[in-house]
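Let's take a walk through this model together. Keep the sequence and the 3D view side by side as you read.

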Amino acid sequence: MKRLPAIGITCYPSQGGSGIVATELGLNLARSGYAVHFICASLPLRLRQYQKNVFYHEVEVADYPVFQYPPYTLSLATAMAETAQKHALDILHVHYAIPHAASGYLARQMVGGDRLKLITTLHGTDITLVGQEPAFFPITRFLIEQSDAVTAVSGFLARETRKVFGVDRSIEVIPNFVDTRRFRPVERSHARRRFAADGEALIIHASNFRPVKNLPAVLEVFARVAARRPARLLLLGDGPQREPALAQARALGVAERVAAPGLVEDLDALLPLGDLLLLPSHHESFGLVALEAMSCGVPVIATSRGGTDEFIDDGVNGYLRDPDDVAGMAEVALLVLGDPALHRHLAEEARRDAVASFGARCVLQRYVELYDRVLGGGGGPAGPAGPAS
Ligand code: GMT
């Protein structure tokens, strides 16, 4: 029987969507029989449980008094090359270009380009913010050109990459996906009463609380809603804007209606408790959490800037508004919360579209086909266990 390719995956291990996508991809590949080696700075958030065919290699960052900054990129390149040699990796699949594609490029040179292929998946700010910093721009363009294959999580991001970096190589769009068996609607339960009493609307925002997530708009919209009807806001995640958001909640007089439990690992248990998800980011190349909420049957009000319109159909399975349009977001939030039939309709459409087009099974096959192409037809189809749907 033909051996399935062995895949090395590198990603940011924290709560960000790129790490989640990379981890879920690896877990699903492993279920299909691929040997998947995660090479990361620390254990990715969703990789806590043992799973067959999954291996974890922690990057040890060497420090030395002469270094002003420990050279993580080099330590990662060494870990990648060593893992590739020891475990006969066929592909290094890096998520988020900076600095992972640079380490992957070095590792491929160390191992030999004909033996190890480099695939770079672009996620968002690696292109739209960080990659456009003058210090990173030329190397990001170089790495995009040098990867054996490049994918982007939305058509928006692929176009933006071509436009900004002036590259004309192929960038395959493989959208993000969701485990629709895990992220699913639940019956209203006592779990919801931890956050909202019966009769109160529960609005959720989940992110890594960076400025791009536009937390001020989340609080503004919530305050406008709470002024008109009983409501609670649940802020899930952690990051630099969390404290300023809580200060804003105090200034708006809604602090006692806002809960912020911090970083949570059971997003799949908490998202379906909400009545609405707010994601008013300044831009969002995809917006994975919006898709996860939709899969839970939770209507979403998301930013119209970026790639969200590739899975959110405004007025049909959710709403898209300009991130500065606080009044418009509050208006649709009140509309949906005040009309149970409309809420039910949106929830059903959202769930149906997530299952039909963004389940792990169909999207994962796209990565498998890409691996196959990059290896010149050597990869195999998903094995008997098959990925989650
Ligand atoms: O680019 C980032 O901001 C980081 C990254 C992450 O790790 O969370 O987010 C990006 O990748 C996600 C997964 O593909 C996308 O769902 C997010 O839309 C994207 N973030 C932005 O574009 C701001």
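Helices (H or I, at least four residues) and strands (E, at least two) are DSSP runs, numbered from the N terminus. With that in hand, look for Y64, which sits in the loop between β3 (54-58) and α2 (72-86). Before going on, note that this is a predicted model, where local features need pLDDT of at least 70, side-chain atom pairs count only at pLDDT 80 or more, and totals for chains, interfaces and linings use all residues. Residues are numbered from 1 along each chain as its sequence is written, and side-chain values use heavy atoms, with hydrogens and water left out.

Is Y64 buried or exposed? Y64 counts as exposed because its relative accessibility is 51% (buried means under 20% relative accessible area, exposed over 50%, partly exposed in between, with a 1.4 Å probe and protein chains only).

Now move to another loop, the one between β8 (201-206) and α7 (215-226), where you'll find S207. S207 has a relative accessible area of 10%, so it is buried. Its side chain makes a polar contact with the side chain of H205 at 2.9 Å (a pair of N or O atoms within 3.5 Å; within protein, one must be able to donate a hydrogen and the other to accept it, and residues adjacent in sequence count only if both atoms are side-chain atoms). The S207 side chain also reaches the backbone nitrogen of F209, at 2.9 Å.

Last stop: the cysteines. A disulfide is a pair of cysteine sulfur atoms within 2.5 Å, and by this rule the count comes to 0. C11 is buried, at 1% relative accessible area.
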